Each structure stands twice: as C-alpha cells, then as structure tokens.
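Okay, thanks for coming, everyone. Let me put the model up on the screen, and then we'll walk through a few spots together.

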Amino acid sequence: MPFLSSSSSALTFLLLSSLHLPVIISLNPNPTICNDYATRLPSSSVPEPLVYDTALNPSPPPSSPDRPVLFRERNGWCPYSERAWLAFELKRVDYDTILIDNMGGRPSWYSGTTPQAMIEGDKITESLDIVKRIDAFKGQTENTPTLYPKDKDKNVDEVISLFKDVFPKFTRPSSRAAFLFRSGGMPVERKTFERTLYETDELLKKTDGHFFCGEEVTAADVAWAPFLERYAVQLPALHDGLRPRDEERWPNLSLWYKAMEEKVPAYPSRVQGDAESWRRVLMQQGFGNEAGFEKLLEAAADERGDSSSCWPMFAEGRQWLANSPREEAAARLLRNKGPIIADAIRNGGANCDSAEEALSGIISGLVDGVELKNSEEAVKLHTFLCERVCIPRDMGFLPARAMRDLK
Ligand SMILES: *[C@@H]1O[C@H](CO)[C@@H](O)[C@H](O)[C@H]1NC(C)=O
C-alpha cells in the first residue's frame with residue numbers, strides 16, 4: 001500500500017507512479033504548516049462518497065445494498081466508463097464508485113469489462129443501458145436533466161445510433177486511443193476525420209439548440225461526449241491544424257463543446273479530462289503517431305469554454321466540496337498530503353520537510369493568491385504535480401485548471 005493516509009478519500013488521488021514502488025518512509029512534517037488551511041477549508045475533512053480502488057485493495061468492496069454502485073475504469077481513460085460516470089453525475093445520484101484496473105489486472109471477484117453498474121439488485125453491463133437505467137432511477141436528485149425526455153426519446157436513440165455511422169470505421173480497438181488509429185498503427189487519414197467532424201456538425205445544425213437533441217443535455221450528448229472530448233485534443237496532435245473546435249469549419253460542433261463546458265456543471269467540474277492528460281494518454285499509447293513527440297506536446301492549443309458558473313451549481317449541497325475550483329484544488333491537495341509528499345520524495349521532487357513547506361506554498365497560492373514564486377520549493381513541487389496529475393482521475397477539470405494556472 002503506497003498510501004500513508006488512513007482515510008479512504010486519499011485513494012481518490014492517484015499519482016501516476018503510485019503502483020510501481022511501495023514506499024515506506026517516516027514523515028516528520030511540521031504539523032502546523034497545513035493545519036491553518038485545514039480549518040479554513042472545512043470541506044477537506046468532510047467524508048466523501050465512497051471511491052474504492054481495487055488496484056490498491058483487491059478484496060471485495062463493502063457492499064452497499066441501498067445505493068447504486070458504479071464500476072468504472074480506474075484511470076479515467078475508458079470512454080465507455082466516462083459515459084456511465086457522466087450520467088451518474090448528471091443525475092446527482094448518491095452512489096458508490098468501484099475503480100477497476102483494466103491494465104494491471106482486474107480483481108478476481110470481478111468479471112467482464114468496464115463499465116458496469118449494480119442498480120436495485122440488477123447488474124448492468126453496457127454503458128448506454130446504464131445511462132438509461134440511472135435516468136429512470138427513483139433515488140436521483142430532483143431537478144436534474146432528463147436524459148431520455150419522453151417527447152424526444154426516439155430521437156435520442158436515433159442520434160445515439162448515428163454515432164456508429166459517423167465515427168471512422170475499421171479503427172484499432174483501444175480505450176486509450178479510441179477511433180484514432182488503423183490496425184497497422186497509422187493514424188486514421190485526415191480526410192476521414194474531416195468527414196466525421198463535418199457529419200457531426202451537420203447533425204448538430206439540425207437541432208433547435210446547441211446540444212445533440214435540442215436545448216437540453218440528453219443521453220445523446222452523454223454518448224458522444226467522451227469521444228468528441230478526446231478528439232478535440234488528440235486530432236491536432238495527429239494532423240497538423242486539424243482542430244475539431246475550429247469555429248469556421250465546424251461552427252455547431254464548436255458551440256456544442258462550449259455548451260457542454262458552460263451549461264452542464266458536472267462535466268467540467270468532475271468528469272471532463274484536460275488537454276495535458278489526453279495528450280499524455282495518447283503518447284503512452286505510443287504507436288504509429290505521425291507527429292513527433294515534441295509536436296505532439298505543442299499541438300492542440302488549450303481551448304476551453306467559460307465554465308465559471310458551473311462550480312457553484314456542482315458543489316451546491318455537497319459538503320465535501322469546496323466553494324470554488326481554486327479552493328477545491330487546495331482541499332484535494334490537503335486531503336492527499338501524505339501520498340503527495342511521499343510521491344514527491346520518492347521521485348526526488350523535494351525532500352521531506354521542504355515538500356511540506358512547498359505544499360503549503362501551493363495551497364496558499366490557491367487560497368490566498370500568494371505568488372508561487374515566493375517559494376522555490378513550491379515552484380518545484382507545482383511543476384512536479386502538474387506533470388504527475390491525471391485529469392479526470394485525480395481531480396476535476398476546473399480544480400485542475402486552477403492548479404495548473406497558478407503563477
Ligand atoms: C449553428 O451555428 C450557427 C453559426 O454559429 C449558428 O448561427 C446557429 O444558431 C447554430 N445552430 C444550432 C442549432 O446550434
């Protein structure tokens with residue numbers, strides 16, 4: 001067990017290297033440094049909904065007969081897991097999460113792929129069946145979007161089914177590089193991607209709003225989002241200048257990205273990944289990329305909508321979340337102080353005492369706007385964390401942005 005903290009919440013913050021080396025160190029941090037902030041960020045000590053990581057704890061999770069359970073891929077890379085996760089979050093259901101490691105071996109008691117859900121005693125194993133079932137679940141919070149609106153449900157299913165026609169055919173199956181490569185390893189040709197983007201744009205043009213089925217988010221958006229999200233970052237890395245968010249070429253697709261980021265609070269607040277992470281996942285995939293390593297890193301300017309109104313809506317009524325993305329980033333760091341310091345030490349980011357100091361430097365940057373450059377150690381740890389963190393695995397897009405944007 002690499003993690004030092006005894007609280008299960010620490011398990012939600014998983015640094016990339018956490019699986020490779022067990023770490024046993026004795027920390028002797030100055031306990032007063034971060035305590036101040038713990039008091040000022042009370043959400044950081046409120047218990048969170050259960051997120052149980054089977055890679056760290058392979059024994060069966062505690063059963064929760066009353067709540068739905070979502071089994072999803074642990075790194076946040078699997079687009080089908082993202083569909084189910086987004087639906088659970090949109091419906092604001094009280095649920096448990098069990099993380100499954102598709103790369104390092106699933107626990108012996110788990111069979112099948114990800115995602116899966118247990119809802120009222122039924123095991124559901126297909127992402128869109130999960131979306132449909134959770135939409136109808138009685139335990140959801142009121143005033144959440146209806147993913148299959150009665151007057152439009154035929155339309156919703158139809159738009160979902162078009163996905164198969166519009167996305168490139170004969171691509172190499174891969175959850176880390178979905179619909180990107182041919183079986184030989186070469187990227188799908190630019191023209192084929194362009195056709196996909198054109199047809200997606202046409203589909204969006206036909207509706208009476210910015211979403212796939214009109215003015216409100218539905219299951220159609222949930223079904224398409226994980227793939228379009230990755231495309232926005234990954235296509236420019238494969239073909240120079242091929243930007244799905246290009247307003248001139250695909251205006252309605254560009255509006256859809258904005259609508260998802262500006263009008264669907266759960267999406268940018270928790271479920272959406274970020275450019276740095278999707279680029280890194282693509283690099284890890286590591287085969288057949290036409291573009292060189294450096295070009296890949298520079299590609300895909302970080303385009304994003306204005307999500308400022310999303311966080312308050314997402315955090316409302318959830319005591320375990322902080323008041324703003326900046327404070328949430330700080331609270332996440334605070335909750336995971338032990339593992340972060342251990343990780344920083346293990347990887348030579350900083351020595352023990354200064355890592356503690358560095359961490360409080362970052363936190364005061366986030367909470368009080370203190371400039372990072374006041375502490376050399378804080379700058380070092382910040383660079384280290386920005387490279388290490390994986391979004392949405394470790395925190396949501398908005399808190400991650402706040403952390404990455406820190407100067
Ligand atoms: C499609 O894009 C055009 C150009 O930005 C815009 O005027 C129109 O309202 C959009 N249509 C829909 C349905 O979003």
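Let's start with Asn102, whose side chain makes a polar contact with the side chain of Thr114, at 2.9 Å. By polar contact I mean a pair of N or O atoms within 3.5 Å; within protein, one must be able to donate a hydrogen and the other to accept it, and residues adjacent in sequence count only if both atoms are side-chain atoms.

Quick housekeeping: this is a predicted model, so local features need pLDDT of at least 70 and side-chain atom pairs count only at pLDDT 80 or more, while totals for chains, interfaces and linings use all residues. Residues are numbered from 1 along each chain as its sequence is written, and side-chain values use heavy atoms, with hydrogens and water left out.

Back to Asn102. You'll find it in the loop between strand 3 (96-100) and strand 4 (116-119); helices (H or I, at least four residues) and strands (E, at least two) are DSSP runs, numbered from the N terminus. Not counting residues up to four places away in sequence, Asn102 touches Glu73 and Thr114, where contact means heavy atoms within 4.5 Å.

Next up, Arg133, which sits in helix 3 (residues 127-136). Arg133 is partly exposed too, at 25%. What does its side chain reach? The side chain of Arg133 gets to the backbone oxygen of Ile119 at 3.4 Å, and it has a polar contact of 3.4 Å with the side chain of Glu120.

Finally, the ligand. Around it are Leu204, Lys205, Thr207, Gly209, His210, Pro251, Asn252 and Leu255, going by a heavy atom within 4 Å. That shell splits into 3 nonpolar, 4 polar and 1 charged; Ala, Val, Leu, Ile, Met, Phe, Trp, Tyr, Cys and Pro count as nonpolar, Asp, Glu, Lys and Arg as charged, and the others, Gly among them, as polar. A polar side-chain atom of Asn252 lies 2.7 Å from a ligand oxygen, and a backbone N or O atom of Gly209 lies 3.4 Å from a ligand oxygen. Helix 7 gives the most to this shell, with 3 residues.

Methods. Buried < 20%, exposed > 50% of the residue type's maximum accessible area, 1.4 Å probe, protein only.
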